[in-house]
Amino acid sequence: MVMFNNSIVPHLTMKDGIPTDASEVSSTSAPGLSGPLPPGGPLGTTPAPRLLLPPLHELRKKETEEILNLILPPREWEEAGQLWVQSVSTTPATSVDVQQLQEHLDLRLQEQAAFETGICPVRRELYTQCFDELIRQVTINCAERGLLLYRVRDEIRETLDAYQRLYTSSCAYGVRKALMAEEHKVKVGARCDELRAQVGDMEARAHSLREEIDQLQKEAQEARQAEADKHEETKTVHQARIEILKKKLEAIIKQATQPKK
C-alpha cells in the first residue's frame with residue numbers, strides 16, 4: 001500500500017557476466033511491481049532489523065527524499081542479471097488519497113480473507129503497509145513527526161516479534177512437556193505391566209503353596225488317624241489279654257483258697 005514513484009531505475013544489467021549500460025532496458029517492462037513485498041517483519045517471517053538512523057540534528061540537514069529512503073528503504077529486486085530500484089514517492093497526500101487508502105485497505109482485507117480478530121499474518125501485513133504509507137505522508141509534511149512514528153512502528157514491531165518468540169518458545173516447551181509426559185506414561189505403563197506379571201507369578205506361587213499346605217495337612221490328618229486306629233487296636237488287644245490274665249489269676253487265687261480234702 002505504500003506509494004512508490006512511477007519511475008524505476010535500472011542499475012546494471014549483466015551480459016555474459018560483464019556489466020553494461022542499462023539504458024537499453026525499458027522501465028515500463030520492469031518485473032515485480034505487483035508482486036509481494038520483500039520478506040521481513042510480518043508475523044510468520046524473519047523480523048526486519050531495526051535501522052540505525054543518524055541523530056535528529058543531522059537528519060534536519062537532509063532532504064525529504066533522503067529521510068524517506070532511510071525510513072522506508074527503496075524496493076530492490078533482480079531478474080535476468082538486472083537490478084531494479086524503486087524509491088518511495090515524495091508526493092504529498094491529500095484527503096482524497098487518505099480516503100482511497102482506507103478504501104484500498106478494506107478491499108485488500110476482504111480480498112485476502114483476513115481474519116477480523118485473533119492472530120492473522122495477512123491482516124498484520126496489510127496494516128503494516130498502511131502504517132508505512134501514513135508514515136510516508138506524515139514525513140513529507142513534518143520529518144520530525146515522521147521519525148517519531150517510525151520509532152513507534154519499530155517499537156510495536158519488536159514487541160510483536162517478542163510475543164511471537166515467546167509464543168514459539170511456549171509451544172516448543174509444551175511439545176517437550178507432552179513428549180516427556182508420553183515417555184513417562186510409557187515407562188509407567190511398562191512398570192505396571194511388570195508389576196502385574198509379578199503379582200500373577202506371586203498369586204500362582206501362593207496357590208501352589210496353599211495346595212501344598214492342604215496336601216500336607218491331609219497327609220498329617222491321615223497319619224494321625226492311622227496312628228489312633230493302631231493305638232485303639234493295640235489297646236483292645238491288651239485289654240483282652242488283661243481280662244484273660246485276670247481270669248486266670250482269679251482262678252488261681254480261688255483254687256488256692258479252697259480247703260484241701
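Exposed means over 50% relative accessible area, and buried means under 20%. Keep those cut-offs in mind as you click through this predicted model.

**Stop 1: alanine 113**

Select alanine 113. Look for it in the loop between α3 and α4 (121-141). Its relative accessible area is 58%, so alanine 113 is exposed. Now check the backbone. Phi is positive here, about 55 degrees, although the residue is not a glycine. Why is that worth a look? Most residues other than glycine have a negative phi.

**Stop 2: alanine 80**

Buried or exposed? Alanine 80 counts as exposed, because its relative accessibility is 72%.

**Stop 3: serine 89**

Move to the loop between β5 (82-86) and α3 (95-111), where you will find serine 89. With a relative accessible area of 4%, serine 89 is buried. Show its side chain. Which backbone atom lies 3.2 Å from a polar atom of that side chain? It is the nitrogen of threonine 91.

**Stop 4**

Side chains of opposite charge can pair when their charged atoms come close. Select glutamate 133 and arginine 136. Their side chains form a salt bridge, 2.8 Å from N to O. The two residues sit 3 apart in helix α4, so about one helical turn separates them. Are they buried or exposed? Glutamate 133 is buried at 3% relative accessible area. Arginine 136 is buried too, at 0%.

**Stop 5**

Follow helix α5 (residues 143-257) to glutamate 183 and lysine 187. They are 4 residues apart, so the separation is about one helical turn. Their side chains meet in a salt bridge of 3.7 Å, N to O. Lysine 187 is exposed, at 53% relative accessible area. Glutamate 183 counts as partly exposed, at 45%.

Stay in helix α5 and select aspartate 193 and arginine 196, which lie 3 residues apart, about one turn of the helix. A salt bridge joins their side chains, with 3.1 Å from N to O. Aspartate 193 counts as partly exposed at 47% relative accessibility, while arginine 196 is exposed at 54%.

**Last stop: a network**

Select Asp132, Arg153 and Asp154 together. Salt bridges that share partners join these residues into one network. How many salt bridges does the model have? The count comes to 7.

How values were computed. Residues numbered from 1 in each chain as written. Predicted model: local features only at pLDDT ≥ 70, side-chain atom pairs only at ≥ 80, totals over all residues. Heavy atoms only, no water. Buried < 20%, exposed > 50% of the residue type's maximum accessible area, 1.4 Å probe, protein only. Polar contact = N/O pair within 3.5 Å; in protein donor to acceptor, adjacent residues only side chain to side chain. Salt bridge = Lys/Arg side-chain N within 4 Å of Asp/Glu carboxyl O.
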